[in-house]
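Subject: Structure handover

Hello,

Here is the structure you were to receive. My notes on it follow below.

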Amino acid sequence: MAGRLRQRVRSLWATLRSPSVHFSLGFLTLGGFIAGIIFWGGFNTALEATNTERFCVSCHEMYDNVFEELKPTIHYTNRSGVRATCPDCHVPHDWTDKIARKMQASKEVWGKIFGTISTRERFLDQRLRLAQHEWARLKANDSLECRNCHNYDYMDFTRQSPRAGAIHERWLGSGERTCIDCHKGIAHGLPDMAGVPQG
Amino acid sequence: MRALLRIAVVLALLSGAFVLSAQDPESSAPAPAPTEYRSLDALRRGAPLEVEPPAPPMARVENRDLRRQRGWPEQPPTIPHAIDGYQVTTHANRCMVCHSRAGAEQFQAPMVSVTHFMDRDGQVLAQVSPRRYFCNQCHVVQTDAPALVGNEFLDVDAVISRQRER
């Protein structure tokens, strides 16, 4: 059994190593190049398609819970009409981090299949755990997703409320705190916060 | 069978008479003259019923962080800032992020007074008493909406100095 398998592998290896008989080197190089572009493009297009709010809320778990709660907040409607969508806050921009997050998200697909949060009650039971993942992620990357839109350097404290300006200057300017330390629950209802530091 | 039918007829006649007598005896009287309708009602704002009044501009919440004077010593202070999106639920109380004993220093916010730690027997608890949990029951924001009615409130200092003058 093992002997036969080894023989097969060896003959496959021989085929791969032998030069092409029918196709020119130019064709193979160019063809490989083009196929690469197509696959790569297709991969990224598929990736981008999952990176839209429409995709996120196509599951009722997201639509009924977190999306409904996002709607009355400032990141859904506001004076200036600039919006933050789910991936703006939840998916990193640069490519490696995005892929890492997407691989994590494959686990969430299991959650969907097994109905881990398929009802409001189940969702609320899991909410603290889910929120803690996001807080940990944003704490670790110094609230990078917030900072993609909100830049401390361009905050005009005279335009902020006095307490916001003073607090940002003291804690954000010194780098002792990051956005998510103080702004939990900015987009969704909060889980049970007993024992969770919020400042 | 016939007896039943007779009872039914009598009942029908009786109820007909009742319906007639229940009608407004003055239904033929002339309608009262229209009077101007005024009220504090925020929806109609004194407009007659058949007119749709234009919506007034929406009031803005004052967000200046300047404490206001209290009308009397026990008055719950009004909130000197906007509280949009602050969650006060069974899960979280965002007011207490800053106004708790532990948060007051970091955010330079006034700590809730000791009365908030007391239960109804005056016993001081370790944390804010459940009956004080919902901040907005007593503390409210202020807007720039014009006052609907005048008010002649005098604070206690004014009352005392008036009495002295007399």
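Is Lys71(A) buried, exposed or partly exposed? With a relative accessible area of 24%, Lys71(A) counts as partly exposed, because buried would mean under 20% and exposed over 50%. Please keep in mind throughout that this is a predicted model.

Salt bridges

The side chain of Lys71(A) pairs with that of Glu68(A) in a salt bridge, at 3.3 Å from N to O. Glu68(A) is partly exposed as well, its relative accessible area being 36%. Side chains of opposite charge can pair when their charged atoms come close.

Over all chains the count comes to 15 salt bridges. One of them joins Asp142(A) to Arg147(A), whose closest N and O atoms are 3.2 Å apart. Asp142(A) is partly exposed at 39% relative accessibility, and Arg147(A) is partly exposed with a relative accessible area of 25%.

In chain B, Glu62(B) and Arg64(B) meet through their side chains in a salt bridge of 3.3 Å, N to O. Here the two partners fall into separate classes: Glu62(B) is partly exposed, with a relative accessible area of 23%, whereas Arg64(B) is exposed, with 53%.

There is also a network of salt bridges, which links Glu69(A), Arg120(A) and Arg127(A).

Helix α4 of chain A

Glu69(A) belongs to helix α4 of chain A, residues 60–70, and is one of its buried residues. Why do they lie on the same side of α4(A)? They do so because the arc they cover around the axis is only 160°. The packing partners of these buried residues are α3 (53–56), α6 (95–114) and α7 (120–140), which belong to chain A.

The largest nonpolar core

Eight residues make up the largest nonpolar core: Ala131(A), Trp135(A), Leu138(A), Ile180(A), Leu190(A), Met193(A) and Val196(A), along with Ala92(B) from chain B. Helix α7(A) supplies the largest share of this core, three residues.

Trp135(A) has contacts beyond its neighbours within four places in sequence. Its partners there are Leu128(A), Ile180(A), Lys184(A), Leu190(A), Pro191(A), Met193(A) and Val196(A).

Ser161(A) and helix α9 of chain A

Where does Ser161(A) sit? Ser161(A) is in the loop between α8 (144–149) and α9 (162–172) of chain A. Its relative accessible area is 15%, so Ser161(A) is buried. Leaving out residues up to four places away in sequence, Ser161(A) touches Asn63(B) and Asp65(B).

In α9(A), the buried residues are Gly165(A), Ile167(A), His168(A), Trp171(A) and Leu172(A). These pack against α8 and α10 (179–182) of chain A, and also against α3 (104–107) of chain B.

A nonpolar surface patch

Which residues form a nonpolar patch on the surface? They are Leu30(A), Phe33(A), Ile34(A), Ile37(A) and Ile38(A), and together they have about 540 Å² of accessible area. Ile34(A) is located in helix α2 of chain A, residues 25–49. With a relative accessible area of 44%, Ile34(A) is partly exposed.

Regards

Notes. Residues are numbered from 1 along each chain as its sequence is written. Chains are lettered from A and ligands numbered from 1 in the order in which they are written. This is a predicted model: local features need pLDDT of at least 70, side-chain atom pairs count only at pLDDT 80 or more; totals for chains, interfaces and linings use all residues. Side-chain values use heavy atoms; hydrogens and water are left out. Buried means under 20% relative accessible area, exposed over 50%, partly exposed in between (1.4 Å probe, protein chains only). Helices (H or I, at least four residues) and strands (E, at least two) are DSSP runs, numbered from the N terminus. The arc is that of the directions from the helix axis to the C-beta atoms. Contact means heavy atoms within 4.5 Å. Patches are made of residues with over 30% relative accessible area and no salt bridge: like charges are joined within 9 Å, nonpolar side chains (Val, Leu, Ile, Met, Phe, Trp, Tyr) within 5 Å. Accessible areas come from the Shrake-Rupley method with a 1.4 Å probe; for residues, only the protein chains shown count as cover. A salt bridge is a side-chain nitrogen of Lys or Arg within 4 Å of a carboxyl oxygen of Asp or Glu. A nonpolar core is a set of buried Ala, Val, Leu, Ile, Met, Phe, Trp, Tyr and Cys residues joined through side-chain atoms within 4.5 Å.
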